[in-house]
Amino acid sequence: MIAGTGRSAPERVLTNDGFAAIGIETSDEWIRERTGIRSRHIAGPADSVTSLAAAAARGAMEAAAVNAGELDSIVVATASPDHLLPAAAVELQAALGASRAAAFDVNAACAGWIFGVTVAEGLIAAGSAETVLVVGAETLTRITNWKDRNTCVLFGDGAGASIVKRASRGRGILSAYTRSDGTLAKLLWRPAGGGVNPVTPEALADGTFWIHMQGREVFKHAVRSMADACDRALDAAKLSSDSIDLVIPHQANIRIIEATAKHANVPMDKVYVNIDRYGNTSAASIPIALDEAMRTGRIGEGATVLFVGFGAGFTWGSLVVRF
Ligand code: UT7
């Protein structure tokens, strides 16, 4: 079960109108109409995946009344770690002083938190953990090409954290569904910066170091896969959409969210939306939305929540959780 949640976002906020000042030819109207985004948080010099993840984790631990020494595992979902080696999770472990925890990352891009919670559930089922911290944390704006208007208006930074414990009294994960399709990897990727095309001055100059996305293609796959993921998780939980109290989808584009809700036959007032204030924070988007929903009373005891996400890879998945 999800025993506590937390979130964190950098203080600096960039509104759609702010792009003009950095020479990007775009408009508030285009961004709002095509994506639903109004503003996003941008990491400042003092922010990092570790600092954002630690702040979110402290909130989740406090909400779950768990201290760092009680964590058996730390799973960090991120596509923008502070260092390529070692894992972001061990940096978080050190920041929290969670000395007993086994710490590792899950790289499943925007679906990362869903994959991370699924892994946490598996660790608990296998008997190797009782208390798992799962964090989605990103500083995507540091791997964004700030000269490419197709992508730079979309992303934001932040972290969301959740404490996962063994299910009790009917509360917990009712179903989980995860899928991937690596044949489509190059529709959303970073061509350089890894072992095959290391970072070079040329890779920085020609933009291959940064995120590349074929937006329209990704959009089509996102709509299809998120619809499929909703169906699969509901079927596996033997529930119809009427029994869902809230849907928390990955926040990439309001039009994708609306299409997903329509397919699942869930009215938009049962769908959590905060893309307007955060943009796309990849693995952090769902756990940030979850924490907002918890702290504003949108999720009460006994509520059934459908989570659904899609991202680079492609990776996609869903969870049905009873709180
Ligand atoms: O997080 C997980 C994965 N990511 C996603 O799920 C994102 C999926 N994709 C999308 O959300 C949308 O495809 C975008 C928001 C990225 C783009 O929206 P679109 O409706 O698919 O636009 P488009 O890429 O087809 O571009 C339409 C036009 C183009 O102009 P022309 O060629 O029609 O003259 C673009 O150059 O909009 C132009 N454009 C912009 N105009 C103003 C692209 N970006 C901008 C911009 N401001 N920032």
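View 1. Asp 228 and Arg 232 form a salt bridge, with 3.1 Å between the closest N and O atoms. A salt bridge here is a side-chain nitrogen of Lys or Arg within 4 Å of a carboxyl oxygen of Asp or Glu. The two residues are four apart in helix α7, so about one helical turn separates them. Helices (H or I, at least four residues) and strands (E, at least two) are DSSP runs, numbered from the N terminus. Asp 228 is partly exposed, at 24% relative accessibility. Arg 232 is partly exposed too, at 41%. Buried means under 20% relative accessible area, exposed over 50%, and partly exposed in between (1.4 Å probe, protein chains only).

The model is predicted: local features need pLDDT of at least 70, side-chain atom pairs count only at pLDDT 80 or more, and totals for chains, interfaces and linings use all residues. Residues are numbered from 1 along each chain as its sequence is written, and side-chain values use heavy atoms, with hydrogens and water left out.

**View 2. Arg 7 and Glu 292 bridge strand β1 and helix α10.** The closest N and O atoms of this salt bridge are 3.9 Å apart. Arg 7 sits in strand β1 and Glu 292 in helix α10, 285 residues apart. Arg 7 is partly exposed, at 34% relative accessibility. Glu 292 is buried, with a relative accessible area of 5%. Salt bridges with shared partners join Arg 7, Arg 277, Asp 291, Glu 292 and Arg 295 into one network. The salt-bridge count comes to nine.

**View 3. Glu 130 and Arg 166 tie two loops.** Their side chains meet in a salt bridge of 2.7 Å, N to O. Glu 130 lies in the loop between α4 (112–125) and β6, and Arg 166 in the loop between β7 and β8 (172–180), so the pair ties together parts 36 residues apart in sequence. Glu 130 is partly exposed, with a relative accessible area of 40%. Arg 166 also counts as partly exposed, at 39% relative accessibility.

**View 4. The five-stranded sheet.** This open sheet has the strand order β1-β7-β6-β4-β5 and mixed pairing. Two strands pair if DSSP finds at least two bridges between them. The edge strands are β1 (2–8) and β5 (102–106), each pairing on one side only. The twist averages 15° from one strand to the next. Axes are lines fitted to C-alpha atoms, for helices over the stretch in contact, and angles run from 0 to 180 degrees between N-to-C directions. Six bridges join β1 to β7 (residues 157–165) in the antiparallel sense. Thr 5 has Ser 162 of β7 as its bridge partner. Helix α10 (residues 285–295) lies across β1, β6 (131–139) and β7, at about 110° to β1.

**View 5. The four-stranded sheet.** The order in this open sheet is β8-β13-β12-β11, with mixed pairing. β8 and β11 stand at the edges with a single partner strand each, so one side of each has no neighbour in the sheet. Neighbouring strands are turned by 10° against each other on average, direction ignored. β12 and β13 pair antiparallel over eight bridges. Phe 307 has Leu 319 of β13 as its bridge partner. Helix α7 packs on the sheet, touching β8, β11, β12 and β13, and its direction makes about 150° with that of β12. Helix α10 packs on the sheet as well, touching β11 and β12, at about 150° to the direction of β11. Contact means heavy atoms within 4.5 Å.

**View 6. Strand β11.** Leu 246 and Ile 248 point one way from β11 (residues 246–249), Val 247 and Pro 249 the other way, and all are buried. β11 runs parallel to β12, joined by four bridges. Ile 248 stands opposite Phe 307 in β12.

**View 7. The largest nonpolar core.** A nonpolar core is a set of buried Ala, Val, Leu, Ile, Met, Phe, Trp, Tyr and Cys residues joined through side-chain atoms within 4.5 Å. Of the 40 residues in the largest one, Phe 19, Val 247, Leu 306, Phe 310, Phe 314 and Val 320 touch the most other members. Two or more residues each come from α7 (215–237), α8 (254–264), β12 (304–311) and β13 (315–322). α7 gives the most, with eight residues. Domain 1 (2–167) and domain 2 (173–322) both contribute, so this core lies between them. The domain bounds come from an automatic or database domain assignment.
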